[in-house]
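Please look over the sequence and the model, then read the notes grouped by topic below.

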Amino acid sequence: MTDSLGNWRRTHYSKRIDPEMSGEEIIVMGWIHEIRDLGGIIFVLLRDRDGTIQITAPSKKISKELLEEIRKLRKESVVAVKGIIQESGKAPGGYEIIPNEIKMLNESKLPLPLDTTDKVRAEIDTRLDSRYIDLRRPTSSAIFKIKSRMLHSVRNFLEKGEFIEINTPKLVASATEGGTELFPITYFEREAFLGQSPQLYKQMMMATGFDKVFEIAPIFRAEEHDTLRHLNEAISIDLEASFCDQEDVMHILEAVVHTAIGDVIEHCSDELEILGVDLEIPKIPFERIDYGDVVDIVNSKGVNMKHGEDLSRAAEKAIGETMDGYYFITGWPTDIKPFYVMPNLETPKKSCAFDLMYKDLEISSGAQRVHKHDLLVERIKKQGLNPVSFERYLAAFEYGMPPHAGWGLGAERFTMCMTGVNNIRETVLFPRDRRRLTP
Ligand code: AMO
């Protein structure tokens with residue numbers, strides 16, 4: 001038998017109750033986390049978004065009917081409890097609630113697909129299959145409260161810096177980052193793709209006079225490999241700014257990272273504690289290391305890397321052992337960076353591109369861009385691409401395109417750095433990977 005909500009409304013989340021409110025009648029709502037029936041007294045732990053509340057039902061203080069009702073409660077059922085707050089040294093948060101009335105709002109089926117109290121550990125696949133239950137576990141939900149705070153902080157910081165938030169299409173006609181990573185789709189009678197990056201659009205926005213833009217949106221990558229760092233759908237924090245070079249946008253990037261971490265430390269102390277993470281604000285400016293030195297370090301660690309190659313996983317690990325925390329890799333060879341990256345004027349084999357790393361994980365890449373039309377056409381051809389496919393993009397460079405630079409920061413990879421999780425799937429509510437398309 002279930003009750004209707006009627007005119008009951010939650011008066012307090014667990015976090016908002018303190019022992020000094022002793023004697024007050026309140027209404028709390030949530031899920032039955034645990035129940036301990038000692039005969040003469042029943043302890044129920046009620047869980048809401050913010051934590052747990054102990055409901056204490058001593059047979060001497062409450063009616064027989066109510067005690068029987070409480071005795072029938074089962075794990076993960078949804079209930080509302082009206083009761084009196086009482087100070088209690090033994091209960092979590094220093095208080096307990098002596099119930100006056102209970103509403104059973106919905107019953108949970110048993111057994112559960114996984115335990116919500118962390119007493120029995122479940123495999124990641126089991127957890128992702130029943131993600132709505134997995135997210136009831138504080139160790140899972142804490143990650144998303146931190147991600148939410150980080151995104152809020154980034155937005156806030158960029159808005160204060162007078163960046164304009166934009167939305168660009170995710171149904172696109174051509175590749176930006178390389179053809180192999182595209183998801184083809186049917187667009188009426190034509191072929192189209194899911195956008196890999198807002199790259200071309202954020203650059204075209206520089207020709208409009210908006211000057212400073214950002215976008216926080218999904219990117220789709222048809223990466224074949226199944227790793228702990230790759231998703232097929234991720235959230236990218238993209239930024240582009242006119243009248244800037246790569247150094248200018250690197251300063252913005254390190255300030256974004258610095259501010260977001262400070263904000264998370266200030267507002268998510270409970271979540272960091274749940275995860276057992278001792279987060280520290282990194283010092284800025286971040287260290288810069290030239291690509292040439294990276295090659296030397298990697299080789300000195302016994303990992304073979306030739307000049308002109310991208311970092312392999314082994315190379316990332318080798319460099320991550322040497323460099324701690326956040327650091328930039330600069331001076332990348334022009335040939336291994338996308339066509340839109342500006343070659344260095346004095347040494348064109350080197351580019352104005354950078355990557356931001358955290359230990360052995362790349363979390364962002366960016367560059368000063370080519371803003372001259374003819375050079376851009378040349379770069380497109382050199383990368384084996386056809387300028388005709390980029391006609392509309394290229395046209396934007398013919399009518400007054402200012403010099404510009406920008407970057408893309410992976411929201412999930414950045415969340416991994418802050419939460420200490422080593423599988424990127426932990427930082428996505430419903431991850432999309434090589435094998436997973438549901439739920
Ligand atoms: P890039 O391809 O390096 O650059 O992507 C930028 C950042 O996005 C994140 N990222 C991913 N995260 C999870 N799974 C993936 N498959 C994945 N792919 C990318 C990473 C990465 O550092 N247009 C450029 C950016 C720019 O120059 O402005 C670009 O997309 O954190």
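**Overview**

The protein contains twelve helices and 16 strands. The model described here is predicted. Its C-alpha atoms fill a box of roughly 85 × 55 × 40 Å, taken along the principal axes. Of the 439 residues in the protein, 51% are buried.

**Nonpolar cores**

- The largest nonpolar core comprises 48 residues. Within this core, the residues with the most contacts are M150, I237, V249, Y326, I363, W407 and F414.
- Helix 6, which spans residues 246-267, gives the most to this core, contributing nine residues.

**The ligand and its surroundings**

- The ligand is surrounded by 24 residues, of which Q199, K202, E362, S365 and R369 are the closest.
- By class, this shell is made up of seven nonpolar, nine polar and eight charged residues.
- Three elements each supply at least two residues of the shell: helix 5 (199-204), strand 15 (361-368) and strand 16 (404-410). The largest share, five residues, comes from strand 15.
- In the side chain of K202, an N or O atom is 2.7 Å from an oxygen atom of the ligand.
- R221 also places a polar side-chain atom 2.8 Å from an oxygen atom of the ligand.

**Cysteines**

- How many disulfides does the structure hold? The number is zero.
- A disulfide is a covalent bond between the sulfur atoms of two cysteines. The cut-off applied to such a pair of sulfur atoms is 2.5 Å.
- For C244, the closest cysteine sulfur belongs to C352 and is 13 Å from the sulfur of C244, so the two are too far apart for a bond. C244 is buried, its relative accessible area being 17%.
- For C268, the closest cysteine sulfur is that of C417, and a distance of 15 Å is too far for a bond. C268 counts as buried because its relative accessibility is 3%.

**Two further residues**

- T56 is found in strand 3, which covers residues 51-58. Is T56 buried or exposed? With a relative accessible area of 3%, T56 is buried.
- The side chain of T56 also makes a polar contact of 3.0 Å with the side chain of Q54.
- V428 is located in the segment after helix 12 (411-419). Since its relative accessibility is 11%, V428 counts as buried.
- V428 and E233 are 195 residues apart in sequence, yet in space their C-alpha atoms are 9.4 Å apart.

Definitions and conventions:
Residues numbered from 1 in each chain as written. Predicted model: local features only at pLDDT ≥ 70, side-chain atom pairs only at ≥ 80, totals over all residues. Heavy atoms only, no water. Buried < 20%, exposed > 50% of the residue type's maximum accessible area, 1.4 Å probe, protein only. Core = buried A, V, L, I, M, F, W, Y, C linked by side-chain atoms within 4.5 Å. Helix = DSSP H or I, 4+ residues; strand = E, 2+ residues; numbered from the N terminus. Near = heavy atom within 4 Å. Polar contact = N/O pair within 3.5 Å; in protein donor to acceptor, adjacent residues only side chain to side chain. Nonpolar A, V, L, I, M, F, W, Y, C, P; charged D, E, K, R; others polar.
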